[in-house]
Amino acid sequence: MSNAETEAALDTGVKNRRPSLVAYQVREGKDDQSYWDRIGVAWSNRDGGFTVQLHAIPLDGRIVLTKPKSNG
């Protein structure tokens, strides 16, 4: 986990847990090319909901939540 993710985990009570989802801003470019910018993470809660920590709030495009890529 990055420093920002660790700080977010401590703030939201999900200490020592990897994020369940990664949030990206997706913008459409020219020639049908999409631009994906990582803007935050989300953790699943016991009640089935999610705690979302955004590092940026997009003004355009859409937010897409995906499962994190495994590192091995």
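Is tryptophan 36 buried, exposed or partly exposed, and what is its relative accessible area? Here are a few notes on this predicted model, starting with that residue.

1. Tryptophan 36 is partly exposed, because its relative accessible area is 44%, and partly exposed covers the range between the buried limit of 20% and the exposed limit of 50%.

2. You will find one aromatic pair in the structure. Its members are tyrosine 24 and tryptophan 36, arranged edge-to-face with 5.6 Å from centre to centre and 65 degrees between the planes. The pair links distant parts of the chain, since tyrosine 24 sits in strand S1 and tryptophan 36, twelve residues away, in strand S2 (residues 34-44).

3. Glutamine 25 deserves a look too; this residue belongs to strand S1, which spans residues 21-28. Glutamine 25 counts as buried because its relative accessibility is 11%, and buried means under 20%.

4. Now for the whole protein chain: one helix and four strands, in the order α-β-β-β-β from the N terminus. Of contacts between residues at least 6 apart in sequence, 48% join residues at least 24 apart.

5. Buried residues account for 25% of its 72 residues.

Methods:
Residues are numbered from 1 along each chain as its sequence is written. This is a predicted model: local features need pLDDT of at least 70, side-chain atom pairs count only at pLDDT 80 or more; totals for chains, interfaces and linings use all residues. Side-chain values use heavy atoms; hydrogens and water are left out. Helices (H or I, at least four residues) and strands (E, at least two) are DSSP runs, numbered from the N terminus. Buried means under 20% relative accessible area, exposed over 50%, partly exposed in between (1.4 Å probe, protein chains only). Contact means heavy atoms within 4.5 Å. Rings of Phe, Tyr and Trp (its six-membered ring) pair if their centres lie within 6.5 Å; planes under 30 degrees apart count as stacked, over 60 as edge-to-face and the rest as tilted.
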